[in-house]
Amino acid sequence: MKAGSNLENVLRSGAFAVTGELGPPKSGDLGLVRKKARILKGHVDAVNITDCQTAIVRMSSLTAGLAALAEGVEPVMQMTCRDRNRIGMQADILGAAALGIKNLLCLTGDHQKFGNHPQSKGVFDMDSIQLLQMVRGMRDDRAFQCGEEIKGNEPRLFLGCAANPFADPFEFRPVRLAKKVSAGADFVQTQIIYNVEKFARFMEMVRDLGVHEKCYILAGVTPPKSLGMARYMKKFVPGLDVTDDVLSRLSDASDQREEGINICVDIIKQVQDIPGVAGVHVMAIEWEEAVPEIVKRAGLSNRPDPKGIEPVLSSSQSIEKAVEDARKEIRIELEEELERAKTEAQASRELVIKEKEKIASEISDLKKQVEEARTMASRKEAEVQKLTAEIEMAKKELEAKQAAAPSAPVPEPQPPAAPPVPGPAGPLTGREQRVLESLNLGLEALKTVLGLDDTQFEALRRFLEAEFMLQFGQAPVPVTPSAPAPPAPGPAEPQPAGPVPEAAPAPPEAEALVEEPVKPEKPARNKEVVNLVAKGNLALHSGDYNGAIEAFEQALGIDPEDAKAKAGLAEAKAALEKAISAVQPSESEESEGLLPPCPEGVDETWWKEKWIIRYTARGNVAMMNGDYEKAVVEFEKALSLDPENGKAKDGLNRAKNKEGIRIPEAAGAPSVEEEKTPEPAAAPAEEEEEEKEEEAEAAPAEEKPAKPEKAAEEEKKEKPAPEPKAPKVEISAPAGEGVSDLSVTPLAKDEPPLSERAGDIPEDVYMESCSGMIQSVMLGDGENAFSVGGETALPFYNFEGDMPNPPRVAFEVLDSEPEEWPDVLTKYFSDCLSDPAEWARKCVEQYNAKSICLSLVSTDPNGADASPAEAAEVAERVVEAVDVPIILWGCGNAEKDTETLREVTGRIGDKKVCLGPLSDANYRTLGATAMAFQYPVVASTPIDVNLAKQLNILLENLGVHLDHILMDPSIGAVGYGLEYTYSVMERIRLAALTQQDDKLSCPFIVNLGREVWKAKETRLPSDGMLGDQERRGVLMEAITASALLLAGGELMVMRHPKAAALADALVEGML
Amino acid sequence: MIKGFCCNYTLSVEPEALRSEGLIPEDVEIERLPCTGRLEVPEILDSFSEGAEAVFVVGCQLDKCHNLSGSRRASKRVGQARKILEELDMDPALVEMFYAGRGETEPVVEAARLMAARVSEQDQPG
Amino acid sequence: MIIAERKTLKELLGMIDGCSRVLILGCRGCVAVCSAGGDKEVAILASALKLGLTRRGKKIDIEQRTLVRQCDPEYIDPLNQDAADFDAVLSMACGVGVNFIADRCDKVNVLPALDTTFYGANLSSGEWKEMCAGCGACVLHLTGGLCPVARCAKSLSNGPCGGSQGGRCEIHPDVACIWQQIYDKLSGLNRSDEMKNIMPIRDWTSAGHGGPRRRIREDLLP
């Protein structure tokens, strides 16, 4: 026996020991210590009294230990090295032993940093191992630490230590325990065990060292009071390994305390089986009540009778007093308890009543809500029914309308691009056949949709065929008396140039026509025959005698007996003969250059002038196409009518000298209507058009159906102008005034090279090669990608250097329906204005756009202020819709553009687009974004050479390469500062090419469409002075473009398809 | 008075010219240094002692310093100066480091205006 | 070297309150190397104090000077003449310099401008770490050259306490557990068995608990 303590006795007896833990109060209240001691009494063999645990000031372990001892509970006094040096510690050890304390647990102690006096000086005169050595020396060697002998009673203490199996380094932990044992530890209590498996491994190593035979090992356990506490221990207590299993057991438990106890019991049972474990140390921190239950459930409640618990200080008197005090205390406590229970019962009764009331009111509330919801539902239902009825009605109306006016599926009146119909009527061309077929298909669909029966459908179909023939095969048939004098050629009348392709009949006529064929047919006759006869008659009436004959013959082929067909055939043949004989003279007349007979009601002089102009124009066209012989013939015709006509004379001269046209129409002029009503008021306009008439040839005139004049039939028998050398861009324009054809005749390119023209002049006199080079910027990716820039000479100075990449046009597409675009612009996109993706696609597919500039105008905070996400969504669709390079042009608000364009790039990712405009306010953010995706950017500055250069420098400093920058110098349209724009661009370009100013060597992007089309001149309606609105706008755009192309513009953002075509033609012609 | 220190490479114009152009407020005094790396903490602090209400330093972009690490050093010293201002219960924002590209006048002007605005802002509530 | 750190300006302004002439005295020894009291720091402190005084509406003549060392009479003694007319000498040396001036210059009112913190090494520019406690009884031969006295929060002698986790000390995650390092170092040197030996309780006399320490080398005495 080393100390003869109860714990020592139990352990020596080989019984499984149980120790508990008691934390002294943070006050001088000894009652609390007693209370805790009483709870534990009888359930454990000894109780650890902690020594200012976690460095928080509490009643000393010596004092509290004595109080526990007085309660008949054996204390294990804990002693740390933190607060006392060897002098103080030895003094306390002497005193403790003297007062009956027989167990001492030697610890180093938690660092003062964790406690409530972190500023204190940590003593740490020694560590726990040295403490064990010291106390063992006092006990066994009767010597103080300094070696001095203890004369008299030495402290008899059963020495314990702590061990943490879960701290690092794990392998050293058993060694450290062995050190403690060899320093004097008789028993060891471990850190709290949750990870039994790891503890088992620790124990294995401990056994390997034989430590378990030299000391008693008590496994430390703690019932987790709650999930929160378990989590806290896992997270914040170093060296405490709380397993996930424990956490999940707690979180799954309905009663966490109960489960905590179960966990603790389970662990006790498990560690009991580990060899070398001599007992458990149950640390129910501030939950001493749990200990008896744990001990009971672990099957350890049968504690050996305590031995050796002898409080030294307590006399018998004091014991009596203590018992008395305890009784009193218990009585008071019981009374208090009773009182509290009563109050609680009362309170809970009241609570129940309140709760009931609350629930009742809630239920009534809910009922009310249900009622309201029901009412609302029935109201909604009524609305739905009403709406359904309305829809039903609307549907019916619609059906009725469609049945009554089935002109909807009729193909739109064909634009003038439709090929001129050959003179005499013939069988349907392939194209017509196809149109008919598709018409039939459409009709079939319509039939199904409208639920027509066969008769109705047949009637409809034939009407439409008739309509078709009317429009495309023949001149219009006069149907209503209100229609102007018919152009129907009487057999006797001269037939000037064969049938003139006519524009569609006016809608009223079309509707008038509807009624007739809709009438049900007599079923007796073969439908096909009826059909053909009708067709024949229509052809006959419209002067297409060949067509008529063919139709009647076909009808007779089906039914040779059909009287109407026979009669019709005869009539048609007769008419044809007459017509042929009548045509002859008129043809000879024209071939001789004579004036065709003036139509009735037309001023003779005007008529003559008109023909002079026409012949002159034909001459010019022929000359431009290189057909000088024909040109001579035409000019002579003009001169035969007016020998003094200067233009004709001039033309004749040049034609003879094969000089070509004097004024090569640089940007080309939009084609104009050649035919105008011969009203005197229109005459002055005619003069202007003279020069442009050459184009009119390529564009068959469009006639206003409201005023067909005899004059309208004139002309047009001309064979089409000789094919241009370069392929002509065939683009059809929607019907309308102004620009009737979007195609542009290419410029003549047969100019001899400059060196030839220069003759003997030495090259260095007129040549000046540049030392600089414009950056080449790649736009887009995929097969439609292209580069702009790369020049080594001034724009189009091909004789001085290279212009490897042609300037390009990008069509501007707005991300929302444009509000201020004039009709002459919107009509080209009327079917897709509300869908930017569709719009872009149309530009590419129909107008041959090589690039698209998507203007995110809707994001303007001063306008619609669309969110970046909305804009990005549109941009994404446009990017997906077309495969040409895309420029994303923000609203011009630096902040918003940053947001918007970032959002966009986030969506479209690697697809190469060009971002703009970057200004000095947002170049950093957008520049960085562009760099991240390797996008080219538009550097936009107010019109100034230095500002442009500075922004380029800023961007370059940021890391954007110059070959990823397009400069937007800010431009003005013609009439709105074009000269200044030109001058600045020219200076920039000269600096880049001739002054080695490489910071200005980026290509230009010229956003001109928006500038032109916001000019008021593009919005004013057509009038006598300013002329046609559309042509005006187109020319303004084309002229602005051509000027800026010459100034160095490489990417032109434009709006009008015609203007774009003109710009393209200019580029094509100049390269 | 607001004191500015600029590196010779960032501000290529005479500070006087900026003032006469009306680009910087009247009470901004700019001193050109061969390199902001030469600027020491005492100079910044002494500016305040001599009456400056705010001090700004404009150096090269950190990665583009003509002397490689000059503006980096300057920014650290500005940081040190800010700490000292804090210790003296002054607003550390009264001294700030700015960066400008070579020959860019604009950031200098911007810095001057920003600091002037900051000073007048602070004057108001007091 | 000796590592030190400037006291706060408020503390220093408080110290020199009421003075009209102050000498800021730097030292080109350890404190210059650890950027606490060399020429540069003297200049900064002078400017900072001037600014602080200006803001308090006060004016003090501040002179700056830096000595080669403040722990050698050769440099200190002239202060008896030079510095006598200053109201205060604000020493930017370690505590040794301040003490030394106080010891040797009766007329000089010397004040510390720095807190002398520890004996440390310069890990990298701007970072210093304590490596030695000057305890006067080195056990480094037992611990692989790593000092548990200076570098263990509890100055343990016999291995890591239960708070060592993952190589970190329980007092702060930034602090390494030196005993883990000692264990690793000794293991690497195949000396880990040495950790089984119990290091006896220390004698702290040499650590200053035996009174001010002194060292004499007879052979060098004048």
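Where is Glu286(A) found? Glu286(A) sits in the loop between strand 8 (277–282) and helix 11 (290–297) of chain A. Before I go on, please keep in mind that this is a predicted model.

You'll find Leu68(B) in the loop between strand 3 (54–60) and helix 3 (70–87) of chain B. Leu68(B) has 13 other C-beta atoms within 10 Å, so it goes down as partly exposed.

Let's stay in chain B for a moment and look at Leu11(B). This leucine is in the loop between strand 1 (2–7) and helix 1 (15–20) of chain B. Is Leu11(B) buried or exposed? It's buried, because 26 other C-beta atoms lie within 10 Å and the cut-off for buried is 20 or more. If we skip its neighbours within four places in sequence, Leu11(B) is in contact with Cys6(B), Arg32(B), Val58(B), Thr105(B) and Val108(B). Also, Leu11(B) and Glu106(B) are 95 residues apart along the chain, yet their C-alpha atoms are separated by 9.1 Å.

Okay, back to chain A. It has 1071 residues, and 44% of them count as buried. In terms of secondary structure, chain A has 35 helices and 18 strands. Take the contacts in chain A between residues at least 6 apart in sequence: 75% of those join residues at least 24 apart.

Now for the inside. In soluble globular proteins, nonpolar side chains tend to be buried together. Here the largest nonpolar core has 109 residues, and the ones touching the most other members are Val47(A), Ala68(A), Cys106(A), Val135(A) and Val188(A).

Next, a pair of helices. Helix 28 (residues 868–881) and helix 29 (residues 894–908) of chain A pack at an angle of about 45°, with their axes 8 Å apart. That angle is why helix 28 of chain A is called oblique to helix 29 of chain A. Their crossing is right-handed. Who makes the contact? Helix 28 of chain A brings residues including Pro868(A), Ala872(A) and Val879(A), while helix 29 of chain A brings, among them, Thr900(A), Val904(A) and Ile908(A). By class, the contact has 8 nonpolar, 1 polar and 4 charged residues.

The peptide bond from Asp168(A) to Pro169(A) is cis, with omega near -15°. Pro169(A) is in the loop between strand 5 (158–163) and helix 6 (172–183) of chain A. The bond from Gly916(A) to Pro917(A) is cis as well, with omega near -10°, but Pro917(A) is in strand 14 (residues 913–918) of chain A.

Last stop: how many residues does the contact take from chain C and from chain A? It takes 24 from chain C and 25 from chain A. The chain C side has 10 nonpolar, 11 polar and 3 charged residues.

Terms used
Residues are numbered from 1 along each chain as its sequence is written. Chains are lettered from A and ligands numbered from 1 in the order in which they are written. This is a predicted model: local features need pLDDT of at least 70, side-chain atom pairs count only at pLDDT 80 or more; totals for chains, interfaces and linings use all residues. Two residues are in contact if their C-beta atoms, placed from the backbone, lie within 7 Å. Ala, Val, Leu, Ile, Met, Phe, Trp, Tyr, Cys and Pro count as nonpolar, Asp, Glu, Lys and Arg as charged, and the others, Gly among them, as polar. Axes are lines fitted to C-alpha atoms, for helices over the stretch in contact, and angles run from 0 to 180 degrees between N-to-C directions. Helices (H or I, at least four residues) and strands (E, at least two) are DSSP runs, numbered from the N terminus. Angles under 35 degrees count as roughly parallel, over 145 as roughly antiparallel, 65 to 115 as roughly perpendicular and the rest as oblique. A crossing is left-handed if the near helix is turned anticlockwise from the far one by less than a right angle, and right-handed if clockwise. A residue is buried if 20 or more other C-beta atoms lie within 10 Å of its own, exposed if 12 or fewer, and partly exposed in between; C-beta atoms are placed from the backbone. A nonpolar core is a set of buried Ala, Val, Leu, Ile, Met, Phe, Trp, Tyr and Cys residues joined through C-beta atoms within 7 Å.
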